[in-house]
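Work through the exercises below with the sequence and the model open. Each task is followed by a solution in steps.

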Amino acid sequence: LAFWLNAYNVQMVQNVLDAPGTRNVLDQRVAFFQTPRRFAGRALSLDDVENGLLRRQSPALHALAPSRLDARLHAGLFCGAVS
């Protein structure tokens with residue numbers, strides 16, 4: 001769980017740093033959340049990591065996912081918000 005949270009958060013921070021004028025990450029939805037990046041040797045998007053793995057919504061990714069859903073996920077994921 002810690003690996004995937006950290007991997008997600010590092011990539012989100014990199015996305016924010018790579019787009020300095022962006023005021024709302026949802027305006028850059030494809031670039032921020034849907035563009036595949038390398039995670040653990042696989043091409044996965046942030047949506048894949050958050051929803052497919054951490055929220056266990058993709059049976060194809062269950063082999064990489066934590067063994068159970070964790071209620072603390074929402075607090076652990078960096079969403080790119082200014083606040």
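**Exercise 1.** Classify Arg 29 by accessibility, then find its salt-bridge partner and classify that residue too.

Solution. Step 1: Arg 29 has a relative accessibility of 34% and is partly exposed; buried means under 20% relative accessible area, exposed over 50%, and partly exposed in between, with a 1.4 Å probe and protein chains only. Step 2: the side chain of Arg 29 forms a salt bridge with that of Asp 47, at 3.3 Å from N to O. A salt bridge is a side-chain nitrogen of Lys or Arg within 4 Å of a carboxyl oxygen of Asp or Glu. Step 3: Arg 29 lies in helix α2 (residues 29-34) and Asp 47 in helix α3 (residues 46-54), so the pair, 18 residues apart, links distant parts of the chain; helices are DSSP runs of H or I with at least four residues, numbered from the N terminus. Step 4: Asp 47 is buried, at 16%.

The model is predicted: local features need pLDDT of at least 70, side-chain atom pairs need 80 or more, and totals for chains, interfaces and linings use all residues. Numbering runs from 1 along each chain as its sequence is written, and side-chain values use heavy atoms, without hydrogens or water.

**Exercise 2.** How many salt bridges does a search of the whole structure find? Describe the pairs of Glu 50 and Asp 70.

Solution. Step 1: the search finds 3. Step 2: Glu 50 pairs with Arg 55, with the closest N and O atoms 3.2 Å apart; Glu 50 is buried at 16%, and Arg 55 is partly exposed at 25%. Step 3: Asp 70 pairs with Arg 72 at 2.7 Å between the closest N and O atoms. Asp 70 is buried at 11%, whereas Arg 72 is exposed at 60%.

How values were computed:
Helix = DSSP H or I, 4+ residues; strand = E, 2+ residues; numbered from the N terminus.
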